[in-house]
Each structure stands twice: as structure tokens, then as C-alpha cells.
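Let's take a friendly walk through this structure.

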Amino acid sequence: MNWKDELMQEIGYTICPICFPEYVYCNEDCEHCKEYIEFKQFYEKKEKSRNV
């Protein structure tokens with residue numbers, strides 16, 4: 001971990017692999033996260049189109 005990651009973690013921010021900007025405040029409630037919901041819908045749509 002670098003100093004920026006440690007500082008952001010200390011402040012209460014985290015790195016989310018599907019959000020921009022890279023550091024976001026995360027309450028770890030992914031099921032209600034707008035970015036997670038959009039990502040999940042996109043992924044499910046992509047999987048359906050692959051299986052057709």
C-alpha cells in the first residue's frame with residue numbers, strides 16, 4: 001500500500017474497482033450502490049447476449 005491509499009483509508013475512503021473517481025466513500029453496502037447496480041445490470045445483459 002502506498003501513502004495515498006493509507007491516507008484515504010484513514011479518512012474513510014476506499015478504492016472501488018468499478019467506481020470513478022478511484023477513491024470513493026464506501027459504506028460497504030454494495031447491493032444499494034448505484035455504480036454496483038449499473039455494473040451488475042451491464043454484466044447480466046452481456047452474459048445473456050453471450051449465451052444466445
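## Overall build

The protein chain has two helices and two strands, in the order α-β-β-α from the N terminus on. Helices (H or I, at least four residues) and strands (E, at least two) are DSSP runs, numbered from the N terminus.

This is a predicted model: local features need pLDDT of at least 70, side-chain atom pairs count only at pLDDT 80 or more, and totals for chains, interfaces and linings use all residues. Residues are numbered from 1 along each chain as its sequence is written, and side-chain values use heavy atoms, leaving out hydrogens and water.

## Burial

Of the 52 residues of the protein chain, 12% count as buried. Buried means under 20% relative accessible area, exposed over 50%, and partly exposed in between (1.4 Å probe, protein chains only).

The C-alpha atoms fill a box of roughly 45 × 20 × 15 Å, taken along the principal axes.

## An aromatic pair

Rings of Phe, Tyr and Trp (its six-membered ring) pair if their centres lie within 6.5 Å; planes under 30 degrees apart count as stacked, over 60 as edge-to-face and the rest as tilted. By this rule the count comes to one aromatic pair. F39 and Y43 form that stacked pair, with 6.4 Å centre to centre and 20° between the planes.

Both belong to helix α2 (residues 34-50), and because F39 and Y43 are four residues apart there, about one helical turn separates them. F39 is partly exposed at 41% relative accessibility, and Y43 is partly exposed at 47%.
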